[in-house]
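Here are my notes on the model you sent over.

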Amino acid sequence: MFTGIVEELGQVTAVETLDDACRFRLRGPVVTDGARHGDSIAVNGVCLTVVEHEGDEFTADVMAETLRRSSLGALAVGSRVNLERPTAVGDRLGGHIVQGHVDGTGEILDRTPSEHWEIVKISLPADLSRYVVEKGSITVDGISLTVVDAGRDHFTVSLIPTTLALTTLGIKKPGDPVNLEVDVIAKYVERMLGDRVTDEGGSR
């Protein structure tokens with residue numbers, strides 16, 4: 001489990017394309033400190049498993065399903081990525097509950113700069129819009145953010161200077177894809193209420 005608090009801005013150093021997967025080598029001095037084979041590291045919000053670790057770099061395999069559902073397939077050598085290690089039991093939950101299981105991708109639609117923050121508008125797939133509410137939580141490229149405005153096909157977030165300086169959202173441009181993970185609690189609530197409605201309907 002992650003919290004959506006990005007620890008560092010890493011970089012892709014190698015990409016190996018396989019028949020139905022990709023192997024990435026990524027540099028991240030912070031997240032590789034003490035890393036071991038089998039550990040989890042979130043890369044742009046996608047939970048990946050450390051295959052090899054040497055110095056300040058690690059490799060991770062990405063299967064076809066992950067490439068299909070996320071924007072990792074668009075990464076190339078030199079791409080910057082958000083990196084986060086799993087939260088440890090007893091640590092503060094600085095963001096919100098993040099699984100590293102991407103629900104879909106959006107696209108940067110617009111950026112409106114201000115003196116002390118920036119409003120970013122992001123497209124929202126139709127099947128995810130019901131989980132996104134004003135002042136609710138959403139994960140964008142692994143970053144825990146608060147929704148400012150929730151539309152039927154888009155939402156906006158307000159980014160502080162720290163987020164702009166230390167994450168990929170500081171360098172993404174209109175048209176760039178981003179990984180989206182909605183609040184898992186919303187999905188569980190929907191499932192439980194849906195089963196209840198079905199059960200009640202069937203008993204009448």
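1. For residues 97-193 the end C-alpha atoms lie 21 Å apart, with 16% helix and 41% strand. Helices here are DSSP runs of H or I with at least four residues, strands are runs of E with at least two, and both are numbered from the N terminus.

2. A word on ground rules. This is a predicted model, where local features need pLDDT of at least 70 and side-chain atom pairs count only at pLDDT 80 or more, while totals for chains, interfaces and linings use all residues. Residues are numbered from 1 along each chain as its sequence is written, and side-chain values use heavy atoms, with hydrogens and water left out.

3. On annotation, UniProt lists "domain: Lumazine-binding" at residues 1-96 and 97-193, in an unreviewed entry. UniProt positions follow the numbering used here, feature names are shortened, and annotations may be inferred rather than shown by experiment.

4. Six strands close up in the order β1-β2-β5-β4-β3-β6, with antiparallel pairing; two strands count as paired if DSSP finds at least two bridges between them. Neighbouring strands of this sheet are turned by 45 degrees against each other on average, direction ignored (axes are lines fitted to C-alpha atoms, for helices over the stretch in contact, and angles run from 0 to 180 degrees between N-to-C directions).

5. Some pairings to click through. β2 (residues 21-27) and β5 (residues 57-63) are joined by seven bridges, and Leu26 has Phe58 as its bridge partner in β5. β3 (residues 40-43) is linked to β4 (residues 46-54) by four bridges, with Ile41 partnered by Leu48. In that β3 and β4 hairpin, two residues lie between the strands, and Asn44 takes a positive phi near 50 degrees. β3 also has two bridges to β6 (residues 80-84), where Val43 is partnered by Leu83.

6. Strands β9 (residues 137-140) and β10 (residues 143-150) pair over four bridges, and Ser137 meets Thr146 in β10.

7. What about the cores? The largest nonpolar core has 19 residues, and Ile122, Val140, Phe155 and Leu169 have the most contacts inside it. At least two residues of this core come from each of β8 (118-123), β9, β10, β11 (154-159) and β12 (177-182). A second, separate core of 18 residues includes Phe24, Val31, Leu48 and Phe58. By nonpolar core I mean a set of buried Ala, Val, Leu, Ile, Met, Phe, Trp, Tyr and Cys residues joined through side-chain atoms within 4.5 Å.

8. Finally, take a look at Asp103, in the loop between β6 and β7 (104-113). Is Asp103 buried or exposed? Asp103 is buried, with a relative accessible area of 15% (buried means under 20%, exposed over 50%, partly exposed in between, with a 1.4 Å probe and protein chains only). A polar atom of the Asp103 side chain lies 2.9 Å from the backbone nitrogen of Val182. Beyond its neighbours within four places in sequence, Asp103 is in contact (heavy atoms within 4.5 Å) with Arg69, Leu128, Leu180, Glu181, Val182 and Lys187.

Conventions:
A polar contact is a pair of N or O atoms within 3.5 Å; within protein, one must be able to donate a hydrogen and the other to accept it, and residues adjacent in sequence count only if both atoms are side-chain atoms.
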